[in-house]
Amino acid sequence: MNASRYENMTYRRAGRSGLRLPAVSLGLWHNFGSVDPFESARDIVLRAFDLGVTHFDLANNYGPVPGSAEETFGRILRRDLAGHRDELIVSTKAGYRMWPGPYGDEGSRKYLLASLDQSLARLGMDYVDVFYHHRPDPQTPLEETMGALEQAVRSGKALYAGVSNYPPELTRQAARILREMRVPFVLHQPKYSMLERTPEQGLFRVLEEEGVGCIVFSPLAQGLLTDRYLREIPADSRAAKPHGFLREEQVTEARRAQLRALDAIARARGQSLAQLAIAWVLRHPVVTSALMGASRVQQLEDNVAALDGLALGDDELRDIDRLLAPGQP
C-alpha cells in the first residue's frame with residue numbers, strides 16, 4: 001500500500017457531521033459484478049485506496065447479478081484490505097427489488113433490515129459506515145422507513161444514515177424525523193451533472209439548511225461527459241452493453257456537438273472533458289464528493305487528477321451554461 005496515499009487527496013466534511021469523504025469516491029454500480037473480471041475490479045479498488053480514495057459505495061442490487069458487487073468488494077476486503085478497515089468508508093443501500101414477493105423491494109422495515117443483513121453477509125463485514133434508503137417509497141410511511149434506518153444505526157450495523165433520489169420536501173421531512181430520533185443523517189445521493197441539474201431546483205438548498213452532505217452520482221452522465229463518445233460509440237462502452245443504463249439512442253449527433261464544444265473548454269484549461277465535469281460538480285459548496293465509476297485503472301487515475309484543477313472561472317461557467325441552456329440539443 002502507498003504510505004503517502006493521504007497527502008494529495010482532498011477530504012470534505014459531509015454537511016455538519018464529523019464524517020469526511022474524499023472529494024472523489026469510487027462507486028461499484030458497474031464493472032464489479034459477477035459478469036466482470038475479478039482481477040480488474042481488484043486492481044481498480046486497490047489503486048483507488050493508494051490514491052487516497054477511502055470511500056467505496058455499493059448497493060444490494062449492484063452487479064449484475066444483483067448482490068455480486070458486494071461479494072466482489074468483500075473478497076477484495078478480506079484478501080487485501082482487512083487490516084485497513086478503519087481507514088475505509090463503506091456504504092450500501094436498499095430500495096430496489098432484490099428477491100421475489102412483497103418483502104424484497106421498496107421501503108418497509110422488513111425489507112430494509114433483512115437487506116442490510118444480507119449485504120453484511122455478502123461483504124463479510126460486521127457493519128457498514130453508511131446505510132441508505134435507495135429511493136422513495138410512497139406506499140410506506142416515511143416514519144417506518146426512517147425507523148428502519150434508526151434501528152440499523154442503533155444495532156451497530158451502520159454508523160450513519162443516508163437517502164438517495166429523494167426530492168427536496170421529502171428530504172426535509174426525513175431530516176426532521178431522523179433528527180428527532182437522534183440518528184446521524186449525513187448524506188443524500190442524487191444524480192447530478194452538467195447534463196442533469198435537477199438538484200439545483202430546491203434539493204441543494206434543503207441540504208444546506210439541514211446540514212446534510214451530498215455525494216452526487218453519475219457526474220459524468222454515465223460516460224457521456226468523457227471523450228469516448230465524441231465521434232462514435234466504442235464497442236466496449238456502456239452504451240454498447242446490453243445491461244447498461246446509457247442507451248445508444250441517447251448519443252445523438254446533436255449531443256455530440258455539445259460534447260465537442262465542452263471538450264474544447266476542457267482542453268483550453270489543460271483538462272479532459274471528464275475532469276472538467278468533475279470540477280464542475282465539485283464547484284458547488286454543498287457537494288461533499290463526486291461518486292465515480294471506473295472500468296480501468298487509468299480511467300480512475302485520470303478522474304482523481306481532476307482535483308489538481310478544480311477552480312472554474314466565471315467566464316468558463318457562463319460558456320458551459322450557454323452551451324447547455326434549455327432549447328439546446
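Helix 4 (residues 142–154) comprises 13 residues and spans 18 Å from its first C-alpha to its last, close to the 18 Å expected at 1.5 Å a residue; the expected span is 1.5 Å times one less than the number of residues. Helices (H or I, at least four residues) and strands (E, at least two) are DSSP runs, numbered from the N terminus. The model is a predicted one, in which local features need pLDDT of at least 70 and side-chain atom pairs count only at pLDDT 80 or more, while totals for chains, interfaces and linings use all residues. Residues are numbered from 1 along each chain as its sequence is written, and side-chain values use heavy atoms, with hydrogens and water left out.

The buried residues of helix 4 (buried: under 20% relative accessible area, with exposed over 50% and partly exposed in between, for a 1.4 Å probe and protein chains only) are Leu 142, Thr 145, Met 146, Gly 147, Ala 148, Leu 149, Ala 152 and Val 153. These buried residues pack against helix 3 (109–123), strand 6, strand 7 and helix 5; contact means heavy atoms within 4.5 Å. Just after helix 4, Gly 156 adopts a positive phi of about 85°.

Strand 7 (residues 158–164) is largely enclosed by the rest of the structure, because five of its seven residues are buried. Strand 6 (residues 128–133) runs parallel to strand 7 and is joined to it by five bridges; two strands pair if DSSP finds at least two bridges between them. Within this pairing, Val 130 has Tyr 160 of strand 7 as its bridge partner, and Phe 131 has Ala 161. Strand 7 also pairs in the parallel sense with strand 8 (residues 185–189), over four bridges. Here Ala 161 stands opposite Phe 185 of strand 8.

Strand 6, helix 4 and strand 7 form a right-handed β-α-β unit, and strand 7, helix 5 (residues 168–180) and strand 8 form a right-handed β-α-β unit. A crossover is right-handed if, with the strands pointing away from the viewer, the path from the first strand over the helix to the second runs clockwise.

Axes are lines fitted to C-alpha atoms, for helices over the stretch in contact, and angles run from 0 to 180 degrees between N-to-C directions.

The axes of helix 2 (residues 68–81) and helix 3 come within 7 Å and cross at roughly 45°. Helix 2 and helix 3 are therefore oblique to each other; angles under 35 degrees count as roughly parallel, over 145 as roughly antiparallel, 65 to 115 as roughly perpendicular and the rest as oblique. Residues of helix 2, including Phe 73 and Leu 77, meet Ser 119, Arg 122 and Leu 123 in helix 3.
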